[in-house]
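This briefing is meant to be read with the sequence and the three-dimensional view side by side. Please look at both before going through the points below.

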Amino acid sequence: MRTVLFPGDTGYKSYVRVIRGLRKYTKSMDPRHIGKLLGIKNFLYVVYKINNYCNLNCEFCNYACDIPISKDSSHPCRRKKEEISVEEATLFCERFKKVSIPEIQWTGGEPTMLPTGKFNAVIDIFNFYGKDVGILTNGYNLLNIDKDVLKKFKSIYFDDHVINREHIDRCIEYLKGFYRGLVMIWTTPFHYDFHETMKHDSNKGKSCSRWMTEIKVDDYVVYPCCTMPAMMILDKSTRLREELEHSGWTLRNENLIETMINYRKTLPGYVIDQCLNNCWMPNYDAGRTRVKITLKSKDIIFKKL
Ligand code: SF4
Ligand code: SF4
């Protein structure tokens with residue numbers, strides 16, 4: 001097991017450097033590499049949001065898990081539990097069958113909260129199609145996942161929000177005995193107050209370095225940046241999702257790969273405008289307010305309040 005630590009909230013940049021280093025060889029050798037097909041030099045990975053619920057309720061959760069799921073929610077994206085289906089996973093793998101992806105990173109919510117049977121079935125589908133999968137977790141339910149199932153993941157990324165360090169320590173001990181993949185521990189003690197940075201001067205829009213480098217799949221829809229689904233939460237609107245669906249950025253489109261390759265023509269203007277005007281993550285060092293992540297009474301962790 002190789003373990004890499006990224007202490008402090010400056011970890012993201014180092015993390016990106018390591019990921020790029022690890023992916024470089026594959027990228028230069030494989031003409032079907034998704035970054036080459038898209039003409040994006042710095043392509044990192046595909047992020048797959050496999051559920052929208054979590055055991056923690058971090059301040060300004062990037063995935064809005066701090067906003068309760070309720071059918072009456074004023075946030076259209078928080079009205080129901082969402083999770084990947086076997087059918088959706090199969091469709092994803094079919095669409096990307098002939099495309100080489102450096103890694104598909106499962107995220108949530110908290111991916112280990114997926115029901116065990118479904119968790120096992122979905123990783124088997126990705127493995128069957130020869131896709132490399134990593135999982136980003138706060139460690140919550142990892143100890144209850146079978147060792148043979150965990151071995152099917154190429155990488156395990158722990159996100160230490162300080163309140164869940166005990167989960168992670170226990171997981172590392174558990175993994176030491178059998179796991180041979182890459183383990184990264186990324187520390188995120190703060191989140192940014194993203195409300196204050198929408199329409200921030202430093203927003204670089206399409207010249208942002210994240211543009212098309214971290215493609216995100218969420219409930220059949222393909223987003224050109226992993227930050228975008230959360231922008232709908234702030235906007236209290238699902239228009240971004242609908243515009244992408246209507247423009248063919250969905251697993252349901254049998255010509256999805258061509259649509260993505262022609263992204264300059266196929267991405268709707270609304271999506272590009274949102275990126276330019278409403279992104280809450282325009283620049284990590286933009287002098288924004290950092291909010292410490294704290295333990296809540298409803299968080300489910302080992303350590304008690
Ligand atoms: S652990 Fe991650 S997904 Fe869960 S609430 Fe915190 S930031 Fe959100
Ligand atoms: S949504 Fe935000 S982070 Fe993503 S490419 Fe656009 S400006 Fe950059």
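The shell around ligand 1 is made up of six nonpolar, six polar and three charged residues, where Ala, Val, Leu, Ile, Met, Phe, Trp, Tyr, Cys and Pro count as nonpolar, Asp, Glu, Lys and Arg as charged, and the others, Gly among them, as polar. This is a predicted model, in which local features need pLDDT of at least 70 and side-chain atom pairs count only at pLDDT 80 or more, while totals for chains, interfaces and linings use all residues. Residues are numbered from 1 along each chain as its sequence is written, and chains are lettered from A and ligands numbered from 1 in the order in which they are written.

**Around the ligand**
- Of the 15 residues around ligand 1, those that come nearest are Cys-54, Leu-56, Cys-58, Cys-61 and Cys-65, a residue being near a molecule if its C-beta atom, placed from the backbone, lies within 6 Å of it.

**The nonpolar core**
- The largest nonpolar core has 66 residues, of which Val-46, Tyr-48, Phe-158, Val-222 and Tyr-223 touch the most other members; such a core is a set of buried Ala, Val, Leu, Ile, Met, Phe, Trp, Tyr and Cys residues joined through C-beta atoms within 7 Å.
- Helix 7 (residues 228–235) gives the most to this core, with five residues; helices (H or I, at least four residues) and strands (E, at least two) are DSSP runs, numbered from the N terminus.
- In soluble globular proteins, nonpolar side chains tend to be buried together.

- Phe-158 is the bridge partner of Thr-137 and stands opposite Ile-185 in strand 6.

**Helix 7**
- Six of the eight residues of helix 7 are buried, namely Met-228, Pro-229, Ala-230, Met-231, Met-232 and Ile-233.
- Just after helix 7, Lys-236 takes a positive phi of about 50 degrees.

Terms used: A residue is buried if 20 or more other C-beta atoms lie within 10 Å of its own, exposed if 12 or fewer, and partly exposed in between; C-beta atoms are placed from the backbone. Two strands pair if DSSP finds at least two bridges between them.
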